[in-house]
Amino acid sequence: MVEWIERTSFLKSLEPQAVHLLEALKPMHVPARTVLFRPGDTAAHFVIVLSGRISVYLTGRTGRELLLYTVAPGETCVQTTLGVMGGAPYTGEAVADTDLVAVMVPSGPFSALMRESDQFRSFVFRAFADRLADVTFLLECVAFLKVEERIAMALLSRADSEGCVTTTHQELATIIGSAREVVSRRLDTMAARGLIDVERGQIRILDRAKLAQLAETA
């Protein structure tokens, strides 16, 4: 078995014919901050992420961005899957958050894999379903939750072992689907309540229990 497939847990169970279709493809290195696609682009490849992370953003008419989802190893990009399978153009923008190692599967081999490999087809549809669930959850949060609740959830999910989140107010606004000014005001309020400490480029959680209680009201 090709080394990169052997080392990729979510592809190790592929049938021999599927491995044969993939063995000619070589992993490629993509530097951090590389734009992988933009709105209107045509999907020419199905991306298999081996290491690193991709973020996919939707930009509104006002220029405000919303983080739709991230793609890590073992996950798929909804827009790429739809584009390769159905020819739909991209509506969002994908950026490499970190240095990536990925395999680009052209549409021809991808169609053959979907047709001939039960294991590959299962991987694609399972990951696709998981991603749709994430997008649905995001829409529910933006539509029905207060900004403070969304901030609390975002901070708790991104905090390191010491309770620190390295982010700017604009980045946090993009993650939760709000305006930077609104996020800044809510952060100031949460800091005044002793829940967090806001520093330049970093937010430190001071009272995890109360912050979790706020998030659980969602």
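**Exercise 1. Determine which residues of helix α4 are buried and what covers them.**

Solution. In helix α4 (residues 107-116), the buried residues are F110, A112, L113 and M114. Buried denotes a relative accessible area under 20%, exposed over 50%, and partly exposed in between, with a 1.4 Å probe and protein chains only. Helices (H or I, at least four residues) and strands (E, at least two) are DSSP runs, numbered from the N terminus. The cover over the buried residues of α4 includes α2 (16-22), β3 (45-51), α3 (78-86), β7 (100-106) and α5 (118-144). Contact, here and below, means heavy atoms within 4.5 Å.

The model is predicted: local features need pLDDT of at least 70, side-chain atom pairs count only at pLDDT 80 or more, and totals for chains, interfaces and linings use all residues. Residues are numbered from 1 along each chain as its sequence is written, and side-chain values use heavy atoms, with hydrogens and water left out.

**Exercise 2. State whether T80 is buried or exposed, and list its contacts beyond neighbours within four places in sequence.**

Solution. First, T80 is located in helix α3. Second, its relative accessible area is 3%, so T80 is buried. Third, with neighbours within four places in sequence left aside, T80 touches F37, A43, H45, F46, V47 and Y90.

**Exercise 3. Describe how helices α6 and α7 are arranged and which residues meet.**

Solution. Two packed helices are described by the angle between their axes and the distance between the axes. The axes of α6 (residues 147-158) and α7 (residues 169-176) come within 10 Å and cross at roughly 105 degrees. Axes are lines fitted to C-alpha atoms, for helices over the stretch in contact, and angles run from 0 to 180 degrees between N-to-C directions. Angles under 35 degrees count as roughly parallel, over 145 as roughly antiparallel, 65 to 115 as roughly perpendicular and the rest as oblique. Helices α6 and α7 are therefore roughly perpendicular to each other. From α6, V147, R150, I151, A154, L155 and R158 meet L172, I175 and I176 of α7. The residues of this contact comprise seven nonpolar, no polar and two charged. In this division, Ala, Val, Leu, Ile, Met, Phe, Trp, Tyr, Cys and Pro are nonpolar, Asp, Glu, Lys and Arg are charged, and the others, Gly among them, are polar.

**Exercise 4. Identify the strands that pair with β4.**

Solution. Two strands pair if DSSP finds at least two bridges between them. Strand β4 (residues 54-59) runs antiparallel to β5 (residues 65-71), and six bridges join the two. Within this pair, Y57 lies opposite L67. The hairpin of β4 and β5 has five residues between the strands, and G63 takes a positive phi near 95 degrees. Strand β4 is also joined to β6 (residues 93-96), antiparallel, by four bridges, with V56 opposite A94.
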